[in-house]
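Let's get to know this one through a few questions and answers. Have a look first, then read on.

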Amino acid sequence: KDEPVKESNKPGYITFAKTGAPNSRTTQLFINYADNGRLDGMGFAPFGEVEGDGMAVVKKIYNCGERPNQGSIQSQGNAYLDKDFPDLSQITRAYVLDEKDQEL
């Protein structure tokens with residue numbers, strides 16, 4: 001089930017991709033580079049925010065735009081992405097920090 005939209009899709013906010021249909025969230029993520037408030041009414045719910053100077057790092061992530069075919073990603077997975085988008089950046093590890101935790 002899709003989460004309710006509690007924050008707007010402002011620059012630096014991280015959001016799960018979805019279709020326009022209810023409860024269609026995928027595992028694909030995107031980081032808003034610009035104000036995408038129009039996505040709020042379509043149910044795109046941001047769940048995180050890039051803080052500090054983090055957007056300078058985000059802008060170094062390989063930008064393939066809208067080119068990867070979603071059907072090919074779903075049917076072939078990383079084999080398709082590795083073959084057709086060898087420079088694609090990938091998340092290999094993530095941490096959930098408690099407020100009391102120090103930065104990594």
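Q: Is Asn23 buried, partly exposed or exposed?
A: This is a predicted model, where local features need pLDDT of at least 70, side-chain atom pairs count only at pLDDT 80 or more, and totals for chains, interfaces and linings use all residues. Residues are numbered from 1 along each chain as its sequence is written, and side-chain values use heavy atoms, with hydrogens and water left out. Buried means under 20% relative accessible area, exposed means over 50%, and partly exposed is in between (1.4 Å probe, protein chains only). Asn23 has a relative accessible area of 49%, so the label is partly exposed.

Q: What is the phi of Asn23 near?
A: Most residues other than glycine have a negative phi. Asn23 sits in the loop between β1 and β2. Its phi is positive although the residue is not a glycine, with a value near 55°.

Q: In what order do the elements of the chain run from the N terminus on?
A: Helices (H or I, at least four residues) and strands (E, at least two) are DSSP runs, numbered from the N terminus. The chain has 3 helices and 3 strands. Read from the N terminus on, the order is β-β-β-α-α-α.

Q: In what order do the 3 strands sit in the open sheet?
A: Two strands pair if DSSP finds at least two bridges between them. β1 and β2 pair in the antiparallel sense over 3 bridges, and 3 bridges also join β1 to β3, again antiparallel. β2 and β3 are the edge strands, each pairing on one side only. That gives the order β2-β1-β3.

Q: Which residue in β2 is the bridge partner of Thr15?
A: Thr15 has a partner to name in each of two strands. In β3, Thr15 stands opposite Pro46. In β2, the bridge partner is Phe30.

Q: Why does the pair of Phe16 and Phe47 count as stacked, and at what angle are the planes?
A: The structure holds 3 aromatic pairs. Rings of Phe, Tyr and Trp (its six-membered ring) pair if their centres lie within 6.5 Å; planes under 30 degrees apart count as stacked, over 60 as edge-to-face and the rest as tilted. For Phe16 and Phe47, the ring centres are 4.7 Å apart, and the pair is stacked because the planes are at 25°.

Q: How many residues apart in sequence are the parts that Phe16 and Phe47 tie together?
A: Phe16 belongs to strand β1 (residues 13-16), while Phe47 belongs to strand β3 (residues 46-49). Both count as partly exposed, Phe16 at 22% relative accessibility and Phe47 at 47%. Since they lie in those two strands, the pair ties together parts whose separation in sequence is 31 residues.

Q: Which residue has its ring under the charged end of Lys18?
A: A charge sits over a ring if NZ of Lys or CZ of Arg is within 6 Å of the ring centre and within 35 degrees of the ring normal. Arg25 does this over the face of Phe16, at 4.3 Å from the ring centre. For Lys18, the charged end is 5.9 Å from the centre of the ring of Phe44.

Q: Which residue's backbone oxygen does the side chain of Lys18 reach?
A: Lys18 is in the loop between β1 and β2, and at 14% relative accessibility it counts as buried. A polar contact is a pair of N or O atoms within 3.5 Å; within protein, one must be able to donate a hydrogen and the other to accept it, and residues adjacent in sequence count only if both atoms are side-chain atoms. The side chain of Lys18 makes one with the side chain of Asp2 (3.1 Å). At 2.9 Å, the side chain of Lys18 also reaches the backbone oxygen of Ala21.

Q: Which side chain makes a polar contact of 2.8 Å with the side chain of Asn32?
A: Asn32 is in the loop between β2 (29-31) and β3, and it is buried, with a relative accessible area of 0%. Contact means heavy atoms within 4.5 Å; not counting residues up to four places away in sequence, Asn32 touches Tyr13, Leu39 and Met55, among others. A polar contact of 3.1 Å joins its side chain to that of Asn9. The one at 2.8 Å is with Asn36.
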